[in-house]
Every structure is written in structure tokens, then in C-alpha cells.
Amino acid sequence: MTTTTFSVVGGPAVRAALAGAEQDVIDRVREAYLLHDAGRTVNPDSYFLRFPEKPDSRIIALPAFLGGEAETAGIKWISSFPGNHDRGLPRASAVLVLNDYRTGYPTALLESAAISAARTAASAALAAGVLQDAPPRSWGVIGAGVIAREICRYLAATTPVPPVVHCHDLNPGAAERLAAGLPGGRAADLATACDADLVVFATTALRPYLPADHRFRPGQLVLHVSLRDLAPQTVLHAANIVDDVDHCLKQNTSPHLAEQLAGDRSFVTGTLAGVLRGDIAVPDDRPVIFSPFGMGILDLAVGRFVLDRAVATGTATEISDFFAPNGA
């Protein structure tokens, strides 16, 4: 008789599993990108649940299947409610359900805001490691929330922190707090942060706010994680690397707006997996913008890593009778 065990991994156990595991997480994100490039994943469109009276809020469903050793299906259900800040709550909350590929049974439920932040930061750090030849002499971080802090942590774990880190946020206090936790960190205006060698956008912007005539300089790397900060004209004057072309060029992201303006997708240089495989050469005569839409396969890769660690350390709560017997 086949038995099914359902595991629950709460926030403290998730954070414990991720602590000090930055390189492990980056390795799993890398492998997920390569499996996707090889056609060994299924990553449907994300589904956005929006609310007419709350245009800044959304809940997103990201179903996916990841092949390879993980061979796991699942779905992330993640909300973004910026108004939570006024309630003393984090903007994002999420859960991740993992399913057994052989039986289809759900096998685990994990708190996933931390997983989502880690996979986003790992993707950014992976891109930074392969899209710039020399270590940057300065970072500019626009947005000073959880994602920005996590990206800085992953960058610091994989490359020397430069002597200057310019932090900018619409909330000056948030920028100062982020800067205080970084060697060389200092609060800065938007223009100064945008002039750094490595620029990170991690905001909740719904539409571009940089001037349409803004141009990054050759040699700059822009990690455009929040996807809607840049005018399409800025995008069109750069080399553009994405995680997945079809996924990134939708939902009015800056690359999507660039496609509408240009009338085609020829401005897309290629995917990060193409760079990892050596199929795509990164131009050195233009700035490089990395725009990752965020893929469910990355949540599965990191979630499976967290689940395995939690089970091994006894921090997962296992429920042997979660499913009714005989399908009753």
C-alpha cells in the first residue's frame, strides 16, 4: 500500500534552512535555468489576481514543474499588498505547495516569502557573476525593502562588497537603514544610485519613473528585478538579458513596453541560460540590463532544497494522516 506523508515547514524552519546557504541556493537556481533552457521544465504563465479597488495589490499563482533530480511539481501563491507597511506587516506573504511527480499528491506546504526572496536574490547574484567582467567599484540600490536587503546579502556572499554602496528609497529612513547595514553604505539620491557600476532596482513601481532620456553607460550592469522602473527608450539603448523571453515581455514590464514601442523583440540579446551555456556573448559596448520576470521553477528548486534540509534536521512537521484514507 502506498502511503502519503504531508510536511509543513514554517517560517523559522525555512529561514534556518536558508541561513548561510547562499551558494547552494545560487547553484540550484543556475541548474533550474539550465533545465528550463533544455526543455526539462513546465512553466506556464503566472496568473495575476487583481482587485479593482486596490490597483497596487495583487496575488499571483505560479504553477510549475521542474525536472532533473528534483522532479517536482508545485505552485507558489504569493501576495503583494504594499499597504501592509502601514499595518506593521510585510508587503509580501506566500506559501508554496510541492507535489510528488509520480502520484500527483501534495507532499509539503512551506512558508514561501523567504523562499521567494532567496530565489530572487540568487537569480540577481547569479546574473551579476556572469554579466560583468570586473567586480563593480560601486553599487546603487533603488528600493530598500526585503528584496533589496536579500539581494545585497547574496551579492555580498558571492563577491567583494565595493567601497561605496548608494542606497535610495522614496522613504529616506528606509534608505538610511539599508545603508547602515552595508559596509560603505550611504543614503543617496536617485541619480547618484543610478550612476553606480552595478545598479539594482527592487521597488514596487507600477510604471516607469526614470526619464525616458536616461541612458546607462557602457559597462554598467542593471539588475532590473522590479521590472517596471525603466522607460522603454532606456531599455532599447542597452543589451537586454532576460530569464525567459515570453514570460518577461508581458504585463506591461519595461521590456514589454519596449517591444510595443519597437514593434519587435530584436532588442532582446538573449537569456541568462544562453549566457551560462556560452551561446550568448555579452556586449561590452552597451550597458547590460538583466530583467528576470520570476519563474515558478526557481521556487520549486529552492523549495525542494529547503524541504530536504528541514526534513533532515527534524524541523519539518510531518502529518501522516493529512489525507483521508482510500480517497474518502
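A search of the whole structure finds 14 salt bridges, each a side-chain nitrogen of Lys or Arg within 4 Å of a carboxyl oxygen of Asp or Glu. The model is predicted: local features need pLDDT of at least 70, side-chain atom pairs count only at pLDDT 80 or more, and totals for chains, interfaces and linings use all residues. Residues are numbered from 1 along each chain as its sequence is written, and side-chain values use heavy atoms, with hydrogens and water left out. Helices (H or I, at least four residues) and strands (E, at least two) are DSSP runs, numbered from the N terminus.

**Salt bridges**

- Asp37 and Arg277 meet through their side chains in a salt bridge, at 2.7 Å from N to O.
- Asp37 belongs to helix H2 and Arg277 to helix H10 (residues 272–277), so this pair ties together parts that are 240 residues apart in sequence.
- Asp37 is partly exposed at 38% relative accessibility, and Arg277 is partly exposed at 39%. Here buried means under 20% relative accessible area, exposed over 50%, and partly exposed in between (1.4 Å probe, protein chains only).
- Asp299 and Lys76 form a salt bridge through their side chains, at 3.1 Å from N to O.
- This pair links distant parts of the chain: Asp299 sits in helix H11 (residues 296–313) and Lys76 in strand E5 (residues 72–80), 223 residues apart.
- Asp299 is buried, with a relative accessible area of 0%. Lys76 is buried at 2% relative accessibility.

- Arg217 and Asp197 form a salt bridge, with their closest N and O atoms 2.8 Å apart.
- Arg217 lies in the loop between E11 and strand E12 (221–224), and Asp197 in the loop between helix H6 (190–194) and E11, so the pair ties together parts that are 20 residues apart in sequence.
- Arg217 is partly exposed at 30% relative accessibility. Asp197 is buried, with a relative accessible area of 10%.

**Sheet**

- Eight strands make an open sheet with parallel pairing, in the order E10-E9-E8-E11-E12-E15-E13-E14. Two strands pair if DSSP finds at least two bridges between them.
- Strand E10 (185–187) and strand E14 (268–271) are the edge strands, and each pairs on one side only.
- On average, neighbouring strands of this sheet are turned by 20 degrees against each other, direction ignored.
- Within the sheet, strand E8 (residues 138–142) pairs with strand E11 (residues 198–201) in the parallel sense over 4 bridges.
- Val141 stands opposite Val200 in E11.

**Helix packing**

- Helix H5 (residues 172–180) lies across E8, strand E9 (164–168) and E10, and runs at about 170 degrees to E10. Axes are lines fitted to C-alpha atoms, for helices over the stretch in contact, and angles run from 0 to 180 degrees between N-to-C directions.
- The axes of helix H2 (residues 22–37) and helix H3 (residues 113–131) come within 9 Å and cross at roughly 80 degrees.
- H2 and H3 are therefore roughly perpendicular to each other, a term for angles of 65 to 115 degrees; under 35 counts as roughly parallel, over 145 as roughly antiparallel and the rest as oblique.
- H2 contributes Val25, Ile26, Val29, Arg30 and Tyr33 to the contact, and these meet Ala118, Arg119, Ala122, Ser123, Ala125 and Leu126 in H3. Contact means heavy atoms within 4.5 Å.
- The residues of this H2–H3 contact divide into 8 nonpolar, 1 polar and 2 charged. Ala, Val, Leu, Ile, Met, Phe, Trp, Tyr, Cys and Pro count as nonpolar, Asp, Glu, Lys and Arg as charged, and the others, Gly among them, as polar.
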